[in-house]
Amino acid sequence: MKLGATLYIHNTVEAVERYSRAFGLTLGYHELFPDGTYLHAALCKDGEEVFAVSESQNDNDAFEQFMLKASLQNARPTMSYGLTLGSADEVRNAFTLLAEDGHVMMQLGSLPWSVCCAEVVDKYGIYWYLTV
């Protein structure tokens, strides 16, 4: 069994580039909307899909909604995406790219179960837990 994850966000062309750089992923199977944004963009590692990205058709911005809620009650979203990366350098690279124009929930650091981890909500409103 495999849990498929699709991130429904705005600015998918930019996001696919950022996620590819952050996580060392390549673009797999993809389809475009007429406006050039992604209807579906599979992001892959070693030929296997890790997650997909699709242009949101919703008018409300996920990041703005999250930030409003977080500022009111220091809330976390219902869902986070946890990625276990191969090294502390990979975590630092991903964190740096995802924190750009995003919101850091937990700075880079260590926990009893990880020598390097962090939590960040990226500029697209996606909550990431990064760890080694």
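Before going on, a word on what you're looking at: the model is predicted, so local features are taken at pLDDT of at least 70 and side-chain atom pairs at pLDDT 80 or more, while totals for chains, interfaces and linings use all residues. Residue numbers run from 1 along each chain as its sequence is written, and side-chain values use heavy atoms, with hydrogens and water left out.

Now back to the strands. β3 and β4 are antiparallel, with five bridges between them. (Strands count as paired if DSSP finds at least two bridges between them; helices, H or I with at least four residues, and strands, E with at least two, are DSSP runs numbered from the N terminus.) Two residues separate β3 from β4 in their hairpin, and aspartate 46 in that turn has a positive phi of about 55°.

On to β2, which also pairs with β3 in the antiparallel sense, over five bridges. Here histidine 30 has alanine 41 in β3 as its bridge partner. The β2-β3 hairpin has five residues between its strands, and glycine 36 takes a positive phi near 95°.

β1 does things in parallel: four bridges join it to β4 (residues 48-55), and leucine 7 is found opposite valine 53 of β4.

Put together, these four strands make an open, mixed sheet in the order β1-β4-β3-β2. β1 (6-9) and β2 (26-32) are the edge strands with a single partner each, so one side of each has no neighbour in the sheet. From one strand to the next, the twist averages 20°.

What lies across β1, β2, β3 and β4? That's helix α1 (residues 12-23), running at about 5° to β3 (38-45). Angles like these run from 0 to 180 degrees between N-to-C directions, using axes fitted to C-alpha atoms, for helices over the stretch in contact. Contact means heavy atoms within 4.5 Å. Leaving out residues up to four places away in sequence, tyrosine 19 touches a list of residues including Leu7, Leu43, Phe51, Val53 and Trp128.

Tyr19 turns up again in the largest nonpolar core, which has 30 residues; Tyr19, Phe23, Phe51, Trp128 and Leu130 have the most contacts inside it. (Such a core is a set of buried Ala, Val, Leu, Ile, Met, Phe, Trp, Tyr and Cys residues joined through side-chain atoms within 4.5 Å; buried means under 20% relative accessible area, with a 1.4 Å probe and protein chains only.) Among the elements supplying at least two core residues each are β1, α1, β5 (81-84), β7 (114-121) and β8 (127-131). α3 gives the most, with six residues.

How values were computed. Buried means under 20% relative accessible area, exposed over 50%, partly exposed in between (1.4 Å probe, protein chains only).
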